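The points below are numbered and may be checked against the model in turn.

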Amino acid sequence: MLSSEGLCSSPPPKQYGVTKPISMSGPTEADIQRSRELEKFLSDAGLYESKEEAAKRERVLDRIGQIVKDWVKQLTRLRGYTDQMVEEANAVIFTFGSYRLGVHGPGADIDTLCVGPSYVNREEDFFFVLHNILSEMEEVSELQPVPDAHVPVMKFKFDGISIDLLYASISLLVVPDDLDISNVSVLYDVDEPTVRSLNGCRVADQILKLVPNVEHFCTTLRCLKFWAKRRGVYSNVTGFLGGVNWALLVARVCQLYPNAIPSMLVSRFFRVYTQWRWPNPVMLCPIEEDELGFSVWDPRKNPRDRTHHMPIITPAYPCMNSSYNVSTSTLRVMMEQFQYGNKICEDIELNKAQWSTLFEPHLFFESYKNYLQVDIVAADVDDLRSWKGWVESRLRQLTLMIERDTYGKLQCHPYPHEYVDASKPCAHCAFFLGLQRKQGEIIQEGQQFDIRGTVDEFRHSINMYVFWKPGMEIYVSHVRRKQIPSYVFPDGYRRPRHPRVTAQQQSDKLCYEDGGACRTGSGERGVKRKKDPDEVDVKNDMLEKRCSISPLRRDSFSPDIISHKFGGTSPTCLAFAEGNEMCQIDEKRFCSDDVEGGFTSNSSVITSLSSEVGSSEDNGNESIAGSNEGNNGSADGSVEGSNNLGYSRSDSGDADSMCHLENVCADGSGVFQDGLREELEPNAAVGMLLKTVGGVEEEAVQKPVLSSRLSLTSIA
């Protein structure tokens, strides 16, 4: 006989991921309506490809699949295998990334992986033989092999569709068409680059298996990728997050709210990650060990893993941190943007805002008073493509160097967008980095940030490019906000600034409870003060305010980037000619000289930013310092990171530090759990506590934290 207690009991909700869901609640009528509006907005924004383009992609993939099969058969015959082996020889094409997840848009590239037999290698067969086959095909253009990338890749366009093709040689003589790439057996007897090549597909497959509703996941991910690009935080290579990182973050929120629909998931995404206590990791499943012996992310065993600021762990063996490129500065920027998104979503739920407000572009050039401008030039477009990729992959190092050399007091915001001055006759593009003093730092009057050596070190690392050609040059300069070149603005000119606060700037305003400090966009200040305590004072250490002349390299291409002499009205020259407050960069400047074939440059000068560096975007967010793990460079810089700096001057990045979180309690197993899970709606603070010093095994949901500040502290 069943007891009354047994009759009343209900089965526990299904658990997705490493913890129980925060809420099993489904949508209300208002949520359903907001989801319809969101999907209409995404469609109107052109984020979905047409049926014709989708069909074309399928045809291209089929064509590439046939090409690699013929390529393997050709190599099998050349190596003297039997006719039966030649007949059975095979290669299989898999997709991963946004295309595999179903969130790609018009014009997006297709991430593909070719899996071939053990006797077909990457070095000669893939990057030489297959490369030559592709180079002779009419449909193929912009073919660019990148053999020394962290994940070796061949980039090209096939019939106008951009393709990133990886190769993995597995320990099979014949690759079956129905190969299960999720099976760990594909990793037997392969090297590290092959593991990394295979893991893109393995991770994508695992993500789709671990989310409660694939359709809701895809819509939410498409939305948040678009948001991240609009807000300037979509770029793995410059220290923000790339496609797989955003997919993992969204998938975790889907696990925590399994019955939520896209409008709810977008709101919960910002609610969760504004309160996430980094560097506690985001994981979709427990980290698995395997007898194959590949290294997995484990800060208990690997000291380098303890220095990661924003760990987002891949769900397929070997589990790795997919976001090791994140630095303290880029984490700060992303936390600010999460706060912005959370505020807008709250207004949307209260019918005070529309979805379009959430996707307003970030006013980067209104957010800081001081910037570093990195100009890149090359002899032609092809050279610029590879040179720009290399420089872009090293911008993250410049951010880390500035953090290191100023002990975290000078914060750097690399903006992941390139700008081109179309009026110039040379191949050129530029990147910009915002500079500001860290909020709350006690600095003596007149103290300066001398980043002369930092720029020298950055330049030296750039010049290590093994594929350098004559004409490849880089120029670094300091510019104030009013000196930003006009070509960076959409309409070709700076919009007038008004004293009145706009809706965009009002939405961007973030207030912190730490002493009531607020961060607002600089464009909100309509009244100029005679002396702004946050203004940059750049002291002139030169005896004369002029550009020195340096001889022209015989093999160098010198574009006429600026046609004015030094002292003219060119905005990029004003940074060097503004009275006693000039920023001096130990780099060449784009200033023409009267001497034919020559140019003026700013050499042997000092970059010394005063301790009053700041912006109206200062904030009180705490950040965790340390060093980041990287990887080898590549021919085009198309890598997700670069070589590890190998040093860190931040106390809070100590490998022996212990993270303490508030408002948590431990269960009998030592795993920190939440005692009031049902009360986490609607103000959930979701996180995970390291089980041991720097260690991690499981994730736990924490009690609500009312303060919007991160409550993570580090004690050496």
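**Notes on the fold**

1. Strand β6 (residues 370–378) pairs with strand β8 (residues 427–437) in the antiparallel sense, over nine bridges. Two strands are taken to pair if DSSP finds at least two bridges between them. Helices (H or I, at least four residues) and strands (E, at least two) are DSSP runs, numbered from the N terminus. Within this pair, Tyr371 stands opposite Gly434 in β8.

2. On the basis of these notes: this is a predicted model, in which local features need pLDDT of at least 70 and side-chain atom pairs count only at pLDDT 80 or more, while totals for chains, interfaces and linings use all residues. Residues are numbered from 1 along each chain as its sequence is written, and side-chain values use heavy atoms, with hydrogens and water left out.

3. The pair β6 and β8 belongs to an open sheet of four strands, with the order β7-β8-β6-β10 and antiparallel pairing. Its edge strands are β7 (410–414) and β10 (473–480), each of which pairs on one side only. From one strand to the next, the twist averages 25°. Helix α13 (residues 381–405) packs on this sheet and touches β6, β7, β8 and β10; its direction makes about 150° with that of β6. Contact here means heavy atoms within 4.5 Å. Axes are lines fitted to C-alpha atoms, for helices over the stretch in contact, and angles run from 0 to 180 degrees between N-to-C directions.

4. A second open sheet has five strands in the order β1-β2-β5-β4-β3, with mixed pairing. At its edges stand β1 (92–96) and β3 (140–146), each with a single partner strand, so one side of each is left without a neighbour in the sheet. The twist in this sheet averages 25° from one strand to the next.

5. Leaving aside residues up to four places away in sequence, Thr112 touches Leu61, Ile93, Phe94, Thr95, Phe96, Ile163, Asp164, Leu165 and Leu166.

6. Helix α3 lies across β1, β2 (110–116), β4 and β5 (161–169), and runs at about 35° to β5. Helix α3 (residues 51–78) also packs with helix α6 (residues 122–135), at an angle of about 120° and with their axes 11 Å apart. That makes α3 oblique to α6; angles under 35 degrees count as roughly parallel, over 145 as roughly antiparallel, 65 to 115 as roughly perpendicular and the rest as oblique. The contact is made by Ile67, Val68, Trp71, Gln74 and Leu75 of α3 with Asp125, Phe126, Val129, Leu130, Ile133 and Leu134 of α6. These residues divide into nine nonpolar, one polar and one charged. Ala, Val, Leu, Ile, Met, Phe, Trp, Tyr, Cys and Pro count as nonpolar, Asp, Glu, Lys and Arg as charged, and the others, Gly among them, as polar.

7. Helix α8 (residues 214–230) and helix α10 (residues 262–273) have axes that come within 9 Å and cross at roughly 50°. The two helices are therefore oblique to each other. In α8, the residues His216, Thr219, Thr220, Cys223, Leu224 and Trp227 meet Pro262, Leu265, Val266, Phe269 and Phe270 in α10. This contact divides into eight nonpolar, three polar and no charged residues.

8. Gln339 is found in helix α11 (residues 328–349), and counts as buried because its relative accessibility is 13%. Gln339 and Phe270 are 69 residues apart in sequence, and 7.2 Å apart in space, C-alpha to C-alpha.

9. For the chain as a whole, there are 16 helices and 22 strands. Buried residues make up 55% of its 716 residues. Of the contacts with a separation of 6 or more, 74% are between residues 24 or more positions apart.

Note on methods: Buried means under 20% relative accessible area, exposed over 50%, partly exposed in between (1.4 Å probe, protein chains only).
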